[in-house]
Amino acid sequence: QQEYASAFFQSATEDFENRARLVANMGFSDFFPLENFDTTDFEKSNYFGYEDNIMLPASEDWLKKQDQPFLTTYLTVTPHFHYDAISRYGWQDYTSDKKYNAYLNTLHYQDNFLKNLVQQYKDLGLYQRTLFVILGDHGEAFREHRLWGHGNILYEEGVRIPFIMHHGDNLTGRVTPRVNLLDVVPSVLGQLKFDGPDDLFPGQDLLQPVEERDILLECISPNQCSSLIDAETGLKLIHNYQRKPDNLFDLSTDPGETNKLADNNKYRATYQGLLTRLQSKIDEIRTSDTPKSYSSWAYNARPVIWVRELPVEQASFQNNLTIDYVRGDIKILRVTASKDHVFAGDSFNLAYYLAGPGEDICVEAFYEGIKRHKHRTHEVTAGNGADEIYFQITENLQVLPDASSIKVEIATRSDCSR
């Protein structure tokens, strides 16, 4: 078992989709959003970010500091709507459709960013021992079915994505059965020789023999649209929750989804059977304890958790910054950090282990020396009638580039709403 360092880079602002909270909830030790980068000589790519090359200097600095195994994630935004192509690599005429052509030019830029990123790993001597996983989070529609964009589009143009795993000359071949994003984690763990139960995560290790299985898809908005692709027949049902008629397609003969079968009497029984199976799968997911959606990680999964015991004292935690704690009216039992050393300009997580009264309270944190969000509140619900409650709060902090100290004040009040 090895300790991994981890960093999440994005060329978008930290506020986009509440990403700072999401990254903290996923357990990354370092977070580098747009606010951490110098935008000089880089072009703005859309309404919430800059061109993706802006991540490369910070990535190089971080990688040079690592002396242990690591996980890095790079979230790119250049191909996002409004498809504002960057001039750095020129403009190509791929199609006469102006909007689609702009999108394809952003992908041309994306190819160049990926080339630059891989070259960075080669220059640092990391390429041969790094597993690269390249994938998209969704497709993009350009009126193939009179719709454009993504999110609530379950036609193939909205759900098919690139998914590439690359490890020098060690991986070859193509997986022909249908796969989905649930297969990413088992496939990565398989390459890392992870020793754990085979069913620890849903999905399949794509480097092992893969069988066709049902593929479940859902729109980003609840009860807007869901889809089931049948493993045996390739039939694809798109269920629209009575907002408009459902669709049924045979992907084996109609990959462009132009021949609607839902109203064909020959397929009525098949349609009803697929609909029943789809509803059963959706009900199973929505009544389980797993996160229900992306939003449940980014917004609803509070950083407040109950604790029964304190972690081991973090004796090696030495700051190059002074961190002063003003305890206010609540007991701070212990503080741990995601990094052993914290420098000006760093991003890291602080976890506070607290003891409070056995009643509902609002915990407030006031910060000096960090970027943005200098006043944060967390609702803590007692619920068990104990005289004293013990809980942990985790915060993602980004230190100001010129900071010499961080000041933290933890206090409480009765209600977070006032």
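**Helix, rings and charges**

Modeller: In helix α2 (residues 56-64), the buried residues are Leu56, Ala58, Ser59, Trp62 and Leu63. Buried means under 20% relative accessible area, exposed over 50% and partly exposed in between, with a 1.4 Å probe and protein chains only. Helices (H or I, at least four residues) and strands (E, at least two) are DSSP runs, numbered from the N terminus. This is a predicted model, in which local features need pLDDT of at least 70 and side-chain atom pairs count only at pLDDT 80 or more, while totals for chains, interfaces and linings use all residues. Residues are numbered from 1 along each chain as its sequence is written, and side-chain values use heavy atoms, with hydrogens and water left out.

Biologist: Within what arc do the buried residues of α2 fall, seen down its axis?

Modeller: An α-helix has 3.6 residues a turn, so residues three or four places apart point the same way. The arc is that of the directions from the helix axis to the C-beta atoms. The buried residues of α2 line one face of the helix, because they fall within an arc of 160°.

Biologist: Which elements are included in what covers the buried residues of α2?

Modeller: Contact means heavy atoms within 4.5 Å. The cover includes β1 (5-10), β2 (30-32), β5 and α3.

Biologist: How many aromatic pairs does a search of the whole structure find?

Modeller: Rings of Phe, Tyr and Trp (its six-membered ring) pair if their centres lie within 6.5 Å; planes under 30 degrees apart count as stacked, over 60 as edge-to-face and the rest as tilted. The number of aromatic pairs found is 19.

Biologist: What is the geometry of the pair of tryptophan 62 and phenylalanine 70?

Modeller: Tryptophan 62 counts as buried, at 5% relative accessibility. Its ring centre and that of phenylalanine 70 are 5.8 Å apart and the planes stand at 90°, so the pair is edge-to-face.

Biologist: How many residues apart in sequence are the parts that phenylalanine 81 and tryptophan 148 tie together?

Modeller: These two residues form a tilted pair, 5.4 Å centre to centre with 40° between the planes. Phenylalanine 81 lies in the loop between β5 (70-75) and α3 (98-123), and tryptophan 148 in strand β8 (residues 148-149), so the parts tied together are 67 residues apart.

Biologist: Which residue lies over the face of tryptophan 148?

Modeller: Tryptophan 148 counts as partly exposed, at 39% relative accessibility. A charge sits over a ring if NZ of Lys or CZ of Arg is within 6 Å of the ring centre and within 35 degrees of the ring normal. At 3.6 Å from the ring centre lies lysine 99.

Biologist: Which residues are linked with Glu156 in a network of salt bridges?

Modeller: A salt bridge is a side-chain nitrogen of Lys or Arg within 4 Å of a carboxyl oxygen of Asp or Glu. Glutamate 156 meets arginine 160 at 3.5 Å, N to O, and lysine 236 at 2.7 Å, N to O. The network links Glu156 with Arg160, Lys236 and Glu257.

Biologist: Is lysine 236 buried or exposed?

Modeller: Lysine 236 lies in strand β12 (residues 235-239), 80 residues apart from glutamate 156 in helix α4 (residues 156-159). At 0% relative accessibility, lysine 236 counts as buried.

Biologist: With which residue does aspartate 230 form a salt bridge?

Modeller: Aspartate 230 counts as buried, at 8% relative accessibility. Its closest N and O atoms in the bridge are 3.0 Å apart, and the partner is arginine 277.
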